[in-house]
Amino acid sequence: MGSATGVDAMADVTGDVASLEQYRTELTGYCYRMLGSAFEAEDAVQDTMVRAWRSFGKFEGRSSVRSWLYRIATNVCLDALNAGNRRARPMDLTAATPVAQAQLTSRPEVTWLEPVPDGRVLPSAADPAETAVAKETVRLAFVAALQHLPPKQRAVLILREVLAWKAAEVAELLGTSVASVNSALQRARATLAESEPARTDTADPLDEEQKKLLDRYVAAFEGYDMAALTALLHEDATLSMPPYDLWLRGHDDIVGWMLGVGEVCRGSRLVPVVANGTPTFAHYHPDPEGGFSPWALMVVEIVDGKVSGITSFLDVKRWFPLFDLPERLEA
């Protein structure tokens, strides 16, 4: 009898864990939008799961398990954000630098908005339109704009505008009134309107025009054909390279950089991945010992059929394992 009871108890625990785990991806997406860091988001979700599992026996079912988990995750994120850290892109911190004056000054890792693999933050959805909207809300520009909001306004805007929660549900989650939630949402919208995040196209493998553009981009970059690359860039395209705060605007300065300091990238190879709902490449650099070694995770933003922004995240020891990328490419 005792043995059977023990088996039943173990089954209950296993069931409890499984019922929580089904929400991990969407919770990671929520925490990523809140925190701007892939690693901090995963830590926050793990903390959420541990807290939930420990107190699962006390869960009274007054709300759904999903709502309960979001309440815990929100508190974890708000606690983390009370430390005052706000993740940013280089263009949030400095003005564009002419290539002739360009200098590489690095800033600590906690400064930077981080890329994230789509699979870590976007739950699979049967509706393509729902998937497209979800991709829009993890774009670098959108997540960077969220970082300008105070933490509670950020939570309200994500829950209401991104996840489509009702005002009453958000009020219950935050332990406040519907009027307070609506006021916070109004202020958040006003702040975003002041510096509206740039519109960029999300990755769409079924879009033939986007596929052709990316194929041309790879051919131009790998061939180091600057005339071909220039033809693919908007006139005011940007190039940034976290952890350096330098960023360049305009295809003349971008090409000037690539033919100067960036000349070391000649002969590189690009491997397609997807980050932040956006076309992305793992950039491998020629290795003096043969083959190619990791150099950058290159997020490419597209507007109206041309490249509007290139963000090369250079801390490959962090990014390549996160994206399950090989440590090197053979020649």
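Biologist: Which residues is threonine 202 in contact with, leaving aside its neighbours within four places in sequence?

Modeller: This is a predicted model. Threonine 202 sits in the loop between helix 11 (178-194) and helix 12. Leaving aside neighbours within four places in sequence, its contacts are Lys135, Glu136, Arg139, Gln210, Gly277 and Pro279.

Biologist: Is threonine 202 buried or exposed?

Modeller: Its relative accessible area is 15%. Buried means under 20%. Threonine 202 is therefore buried.

Biologist: How do helix 2 and helix 4 lie to each other, roughly parallel or roughly antiparallel?

Modeller: Two packed helices are described by the angle between their axes and the distance between the axes. For helix 2 (residues 24-35) and helix 4 (residues 65-81), the angle is about 25° and the axes are 10 Å apart. Angles under 35 degrees count as roughly parallel. Helix 2 and helix 4 are therefore roughly parallel.

Biologist: What is the handedness of that crossing, and which residues of helix 2 make the contact?

Modeller: Helix 2 passes helix 4 in a right-handed crossing. Helix 4 brings Arg66, Leu69, Tyr70, Ala73, Thr74, Cys77, Leu78, Ala80 and Leu81 to the contact. From helix 2 come Glu26, Leu27, Tyr30, Cys31, Met34 and Leu35.

Biologist: How many residues in the contact of helix 2 with helix 4 are nonpolar?

Modeller: Two residues of this contact are charged, and one is polar. The nonpolar residues number 12.

Biologist: How does helix 2 lie to helix 9, oblique or roughly antiparallel?

Modeller: The axes of helix 2 and helix 9 (residues 151-162) come within 10 Å and cross at roughly 140°. Roughly antiparallel needs an angle over 145 degrees. That makes helix 2 oblique to helix 9.

Biologist: Which residues of helix 9 make the contact with helix 2?

Modeller: The crossing of helix 2 and helix 9 is right-handed. Helix 2 contributes Tyr30, Arg33 and Met34. Helix 9 contributes Pro151, Arg154, Ala155, Ile158, Leu159 and Val162.

Biologist: How many residues in the contact of helix 2 with helix 9 are nonpolar?

Modeller: No polar residue takes part in this contact. Two residues are charged. The nonpolar count is seven.

Biologist: Where do the buried residues of helix 14 lie around its axis?

Modeller: The buried residues of helix 14 are His251, Ile254, Val255, Trp257 and Met258. They cover an arc of only 155° around the axis. That puts them on the same side of helix 14.

Biologist: What covers the buried residues of helix 14?

Modeller: Both helices and strands are part of the cover. Among them are helix 12 (208-222), helix 13 (226-232), strand 1 (233-240) and strand 2 (247-249).

Biologist: Which residues does glycine 262 touch, not counting residues up to four places away in sequence?

Modeller: Glycine 262 is found in the loop between helix 14 (251-258) and strand 3 (269-275). Glycine 262 is buried, with a relative accessible area of 7%. Not counting residues up to four places away in sequence, it touches Tyr224 and Trp257.

Biologist: What is phi of tyrosine 224, and is this residue buried or exposed?

Modeller: Tyrosine 224 is found in the loop between helix 12 and helix 13. Its phi is near 50°, a positive value in a residue other than glycine. Relative accessibility is 5%, so tyrosine 224 counts as buried.

Biologist: Alanine 164 has a positive phi too. Is alanine 164 buried or exposed?

Modeller: Alanine 164 lies in the loop between helix 9 and helix 10. Its phi is near 60°. Exposed means over 50% relative accessible area. At 62%, alanine 164 counts as exposed.

Biologist: Which residues does alanine 171 touch, not counting residues up to four places away in sequence?

Modeller: Alanine 171 is in helix 10 (residues 167-174). At 4% relative accessibility, alanine 171 counts as buried. Not counting residues up to four places away in sequence, it touches Thr176, Ser177, Val178 and Val181.

Biologist: Which peptide bond joins proline 242 and proline 243, cis or trans?

Modeller: Proline 243 is in the loop between strand 1 and strand 2. Omega of the bond between proline 242 and proline 243 is about 20°. The bond is cis.

Key:
Residues numbered from 1 in each chain as written. Predicted model: local features only at pLDDT ≥ 70, side-chain atom pairs only at ≥ 80, totals over all residues. Heavy atoms only, no water. Helix = DSSP H or I, 4+ residues; strand = E, 2+ residues; numbered from the N terminus. Buried < 20%, exposed > 50% of the residue type's maximum accessible area, 1.4 Å probe, protein only. Contact = heavy atoms within 4.5 Å. Axes fitted to C-alpha atoms, helices over the stretch in contact; angles between N-to-C directions. Parallel < 35°, antiparallel > 145°, perpendicular 65-115°, else oblique. Left-handed = near helix turned anticlockwise from the far one by under 90°. Nonpolar A, V, L, I, M, F, W, Y, C, P; charged D, E, K, R; others polar. Arc of directions from axis to C-beta.
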